[in-house]
Structures are given as C-alpha cells and as structure tokens.
Amino acid sequence: MLFNYLQWLGVIFFMSNKLILILNCGSSSIKFSVFGFVDMKKYLFGVVEFFSFQHVHIQWQCNGAKKCKILDSLNSLEEILDFVIDAILMKELKILGELFAVGHRIVHGGPHFIESVIIDANVLRGIKSAISFAPLHNPFHLIGIKKIFAKFPNLLHKSVAVFDTAFHQSIPEESYLYPLPYFLYKKYGIRRYGAHGISHSYVLQESTKFLSKSRDSLNIITCHLGNGSSISAIRNGRCVDTSMGLTPLEGLVMGTRCGDIDPSIVFYLYEHLNMSLQDIKKIFTEQSGLLGLSGGISHDCRDIEKNYFNVSSSSHRAINVFCYRLSKYIGAYSVLMEGKLDALVFTGGIGENSVLIRKLTLQKVKFLNFILDDHLNSSIRYGKSGIITTSSSCPVIVIPTNEDLVIAKDVVNLLK
C-alpha cells in the first residue's frame, strides 16, 4: 500500500511540468493552446487569423501577458506554423515546461473514427480519406500533424486526434440517412456526419450546471455560430440531429459557406452558365454565406453588423437571412424534444458575442416561450456565460465554448 502511494506521488511529481499542446488548424484560422497534463490549467493560448496568406494576424497570451504580431506576404500554412512553433511555442515552453503530448482537432473522421485515437499511419490514412468530406479542413489538419511530427519527433506516439464527428454518432438512422439510393450509404458512406461535435459536447456538459440536471435527462438545442455554424438537437443527453451533413457545407448560413440550397442550382450553374464544377465548388464554399449575401463586404459578422440598421443595405439583408435560417432550425429541432425543451444554448464567436443575432433570432421563435432580457443579453458576451432570458422564460444560455479543454482531457485519458 505504501509503495503504491509513493509510486503515485512520484508519477504526479514527474508529470507536474509536462504540458499538452492543442492545435486546431482550420480553414481561416489556427488556434493553439498549452495545458498542464496534471492540473488541466491553460498556460498559453492564441489564435492566428488569415483570410489570405497576405495578411496574417496573430494574438497570444501566456501567463496573463498579451502579445500580438502581424505577418505579411506569407505563402502557406506551413510558413505560419513555422512561425507559431519557432517564434512563440519554443520560446514560451522554455519557461512553462516540457511538451509531453499533442491533441489535434479533426473536423471529419468519415466512417472510420467514432472516438478519439492516438495518431499512427492508419489514422493519417483515415483522415486523408475523409478529405472529400471536409475539403476546407482535413488537408490543413494533416499539415498541422505532419509539422508537429517534424518539429517534435519525440511526440510521434503521443499525438491524439479528436474528431468533431464523433459526438454525432448517436443520431438515429432516420436522421443520418439521405433519401438517395441506399447503396450510396452502404458502399460509399454517404450520410450525415455533422461537425462542431467537440463544442456541442462541451456546452452540453456545461448546461447541466446551469439547469441543475443530469446530462442524460437534458433536452437542449445547441447553436455553435461562427465562421462555420451548426445547430444540434440533444435529447436525453444524446445528439439526435445536427445541421451539418456529409460535409460542413450543409445547414446554416456561414461566413463563406452557403448552407442549405436546392441541389439543382449545381446543374443550373453548370448547364446554363457554363461554370466548371471547380468554380461552383469555390462559390459554395468560399464566396457564399455572409460574404456572398453582403455583396462581398466581409465574411465576418462583426463587420456586417455595423451597417445592419441601414435597412436598404446588403448588410441588413445578410443578417436577416442568417437569423431566419437559424430560427427555422430551432423551430424544427424543438419538435424532437418530445414536449420538453430545457434550454437553448448559444456558443461560438457569433453566438457568444453578437447581441443583435441573438435578439433577432429569438424574436422569430417566441412561440417557444423565449422572453429576452435585453440588459442580460447586452452584458453577457466577451467570455461571460449566463442566462439571457427572464425568470418566466424557457432558459436561453450563453456558454463560451472550450473545445481545447475537451481535447486536452481526451489526450490525458488516452495517454495516462
């Protein structure tokens, strides 16, 4: 007994300065953070924003000290990662401790992965095979993984892939099947997979604290709203439907992605406007959504909101379409709650911070007994969490997401 206790203390002491790097290489940003392996404290976090490689904005914070860097005329994601690793992580790690493991956020696991896994050659092949399902994301994830292996070869067997699609594995057949010939699902895996599952999972768990209910008794609708947006219906603590589909293109209006459209638009653009399939793909994924509706003003909701109250503006149009589509999904998913909706949750960059988007959306679904408290709605943003409705209302909760923490915990669970 004494030996086991001393052995346990030795492990805790040995791991006390061990750190976990969380890397999230997205289509328009890179997020990175460093956690303690034992205390799960976040010692460093940062974000790299780039809509093109010509202007890259990096912000990071280490032990409370905020820093910023603007880089111009970079040519690739690899060059951005080189700077993040060499100029930021290597420098800060000299003070913080030793990097022991890495967790990578992966948008799409395809039919292969239903839970987090330690990365090996087979996992890399599986992520690569799912590129067609997430063409804006999975290629960047692979670049991030390979860059870490090159910079930290000692982490070859201590790198974990955490999949956004895993949380949605509980959705039933009537939700994940498309009304297409069945062999397309059985032979090629064409079905609804969903995305943002790490975020939806986190806010589900946090909602139990606000509502004082156990996870397996909770009926909520979670809205992850950002440059990429999705909504999930969660009944009795399990996801039963979600808006993103085979790829992260389906569903809500997003920053540059169109969301739900008539599939025949593809044929029209191809046959009547003589567009190539590559051009059509680029329009749907990179030139649509808020960017397209606003007439090219911006893909960033913060920029578009500034001119919303000019009712004749393209900004007004873009925001209205965004909220209209979101409200339709909320109404539809309320039907899946079997008569009892415990709460609506907003998260993601827009969901956490946009007072306007939350207000306009809730006005469209008043039948669900959402009564907004304007003061609370205005004050709960920029990292704050809380309920933004009156005491007589069905609760609407704002919860800042923390995907990094979910990933870090999965890393520990797999490597401990």
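**Note on the predicted structure**

1. Strand β2 (residues 29–36) pairs with β3 in the antiparallel sense, over 7 bridges. The structure discussed here is a predicted model. Between β2 and β3, which form a hairpin, there are 5 residues, and M40 in this turn has a positive phi of about 55°. Within the pairing, F32 has G46 in β3 as its bridge partner.

2. On to the next strand. β3 also pairs with strand β4 (residues 55–62), in the antiparallel sense and over 6 bridges. Here G46 stands opposite W60 in β4.

3. E92 has its place in helix α2 and is buried, its relative accessible area being 6%. Which residues does E92 contact, leaving aside its neighbours within four places in sequence? They are L44, W60, C62 and K67.

4. The structure holds 15 salt bridges. Side chains of opposite charge can pair when their charged atoms come close. One of these salt bridges joins the side chains of K42 and D404, at 4.0 Å from N to O. Because K42 lies in strand β3 (residues 42–49) and D404 in helix α16 (residues 403–415), this pair ties together parts that are 362 residues apart in sequence. The two partners may be set side by side: K42 counts as partly exposed, at 32% relative accessibility, whereas D404 is buried, with a relative accessible area of 13%. As the cut-off for a salt bridge is within 4 Å, the stated distance of 4.0 Å for K42 and D404 deserves a careful look in the model.

5. K147 forms a salt bridge with D82, and their closest N and O atoms are 3.0 Å apart. This pair links distant parts of the chain, with K147 in helix α4 (residues 138–151) and D82 in helix α2 (residues 77–96), 65 residues apart. K147 counts as buried at 16% relative accessibility, while D82 counts as partly exposed at 25%.

6. The second pair is K151 and D86, which form a salt bridge with the closest N and O atoms 3.0 Å apart. Again distant parts of the chain are linked: K151 is in helix α4 and D86 in helix α2, 65 residues apart. K151 is partly exposed, with a relative accessible area of 26%, and D86 is likewise partly exposed, at 40% relative accessibility. D82, D86, K147 and K151 are linked in a network of salt bridges.

7. S354 is found in the loop between α13 (348–353) and α14 (355–363). Is this serine buried or exposed? S354 is buried, with a relative accessible area of 5%. Its side chain makes a polar contact with the side chain of E305, at 2.3 Å. The side chain of S354 also reaches the backbone nitrogen of I357, at 3.0 Å.

8. The largest nonpolar core has 38 residues, and I330 and F370 have the most contacts inside it. At least two residues of this core come from each of β9 (220–224), β10 (230–235), α11 (301–305), α12 (314–334), β12 (343–347), α14 and β14 (396–398). The element that gives the most to this core is α12, with 8 residues. Apart from residues up to four places away in sequence, I330 touches I221, C223, I231, L344, T361, V365, L368 and F370. A second, separate core holds 33 residues, including F100, V160, L218 and I397.

9. Finally, the cysteines. How many disulfides does the structure hold? The number is 0. For C258, the closest cysteine sulfur is in C301, 18 Å away and so too far for a bond. For C301, the closest cysteine sulfur is in C323, at 7.8 Å, which is also too far for a bond. C258 is buried, with a relative accessible area of 12%, and C301 counts as buried at 5% relative accessibility.

Terms used:
Residues are numbered from 1 along each chain as its sequence is written. This is a predicted model: local features need pLDDT of at least 70, side-chain atom pairs count only at pLDDT 80 or more; totals for chains, interfaces and linings use all residues. Side-chain values use heavy atoms; hydrogens and water are left out. Helices (H or I, at least four residues) and strands (E, at least two) are DSSP runs, numbered from the N terminus. Buried means under 20% relative accessible area, exposed over 50%, partly exposed in between (1.4 Å probe, protein chains only). Contact means heavy atoms within 4.5 Å. Two strands pair if DSSP finds at least two bridges between them. A polar contact is a pair of N or O atoms within 3.5 Å; within protein, one must be able to donate a hydrogen and the other to accept it, and residues adjacent in sequence count only if both atoms are side-chain atoms. A nonpolar core is a set of buried Ala, Val, Leu, Ile, Met, Phe, Trp, Tyr and Cys residues joined through side-chain atoms within 4.5 Å. A disulfide is a pair of cysteine sulfur atoms within 2.5 Å.
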